[in-house]
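Let's take a walk through this structure together. Have the sequence and the model open side by side, and follow along as we go.

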Amino acid sequence: MALVGTTGVGKTTTLAKIAAKFVLERGTEVALITADTYRISAVEQLKTYSDIIGLPLEIVYSPTELKSAIRKFRSKGLILIDTAGRNQHNDFQIQELVDLLAVDSAIEKHLVLSATTKERDAVDVMDRFAPVKPDRLLFTKTDETESIGTVVNLISSRRTRVSYFTNGQSVPDDIEAAGADMLARMLLK
């Protein structure tokens, strides 16, 4: 599973939440890979989480290295891949992401969007990240907005599956698997 999206939407923290959930609640063997070598302290942040949870972490700089890391961790129940935040208006960065994730067609790609993003901007992000071919949406920061109308509109207009919603910064607590009941609770709050 790879998390992709723009800068600042919470991909790294969300990745740590997912890893902790799978390890602590399901007993799954998890490995972490980070390709986020652009942001200052991104690797250190994920390394801290991997040390706390006790997970292996591989840092990759190229598609070839990503392919090797996936091969190295093939016995794990789940491999989580953190990617660098990308400006949706930078075609080079988007293509770089496409090329990186093209090393394995089995990678499930989750486009991470902040629930606080204006609908027009969220639609733009979805359109610009289309070459990456996201399999699901993942909404962060639901606790930072009074209205989740944008989330509902995106889900219904795009007929896109949603994997998770996050509602705070606490790892591993502030994340829930997406579902109709969860969405209904958010709408009624």
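A word on pairing before we start: two strands pair if DSSP finds at least two bridges between them. The helices (H or I, at least four residues) and strands (E, at least two) are DSSP runs, numbered from the N terminus. What you have is a predicted model, where local features need pLDDT of at least 70 and side-chain atom pairs count only at pLDDT 80 or more, while totals for chains, interfaces and linings use all residues. Residues are numbered from 1 along each chain as its sequence is written, and side-chain values use heavy atoms, with hydrogens and water left out.

Start with the sheet. It is an open one, built from 8 strands in the order β3-β2-β4-β1-β5-β6-β7-β8, with mixed pairing. At the edges you'll find β3 (57-59) and β8 (175-177); each has a single partner strand, so one side of each is left without a neighbour in the sheet. On average, neighbouring strands here are turned by 25° against each other, direction ignored. For such angles, axes are lines fitted to C-alpha atoms (for helices over the stretch in contact), and angles run from 0 to 180 degrees between N-to-C directions.

Now pick out β4, residues 78-82. Here we need to know what buried means: under 20% relative accessible area, with exposed being over 50% and partly exposed in between (1.4 Å probe, protein chains only). In β4, 5 of the 5 residues are buried, so the strand is largely enclosed by the rest of the structure. L78, L80 and D82 point one way, while I79 and I81 point the other way. Strand β1 (residues 2-5) pairs with β4 in the parallel sense over 2 bridges, and L3 stands opposite D82. Strand β2 (residues 30-34) also runs parallel to β4, over 5 bridges, and there T34 is the residue opposite D82.

Let's stay with T34, which sits in strand β2. Is T34 buried or exposed? T34 is buried, with a relative accessible area of 0%. Leaving out residues up to four places away in sequence, T34 touches V43, L46, L57, E58, I59, V60 and D82, where contact means heavy atoms within 4.5 Å. Take E58 from that list: T34 and E58 are 24 residues apart along the chain, and their C-alpha atoms are separated by 6.4 Å.

Next, move along the sheet to β5 (residues 109-114) and β6 (residues 136-140), which pair in the parallel sense over 5 bridges. The bridge partner of L111 in β6 is L137. Then β6 pairs with β7, again in the parallel sense, over 2 bridges, with F139 opposite F165. Strand β7 (residues 162-166) has 5 of its 5 residues buried, so it is largely enclosed by the rest of the structure. The pairing of β7 with β8 is antiparallel, over 3 bridges, and in β8 the bridge partner of F165 is E176.

In α6, T150, V151, L154 and I155 are buried. Seen down the axis of α6, its buried residues fall within an arc of 130°, so they line one face of the helix; that arc is the one of the directions from the helix axis to the C-beta atoms.

F139 also takes us to the inside. A nonpolar core is a set of buried Ala, Val, Leu, Ile, Met, Phe, Trp, Tyr and Cys residues joined through side-chain atoms within 4.5 Å. The largest one has 36 residues, and I33, L66, L101 and F139 touch the most other members. Helix α4 (residues 91-101) gives the most to this core, with 5 residues. Apart from it lies another core of 19 residues, among them L15, A16, A19 and Y164.

Finally, a look at the loops. K133 is in the loop between α5 (119-128) and β6, and at 60% relative accessibility it counts as exposed. K141 is in the loop between β6 and α6; at 24% relative accessibility, K141 counts as partly exposed. Most residues other than glycine have a negative phi. Yet K133 has a positive phi of about 60°, and K141 has a positive phi of about 60° too.
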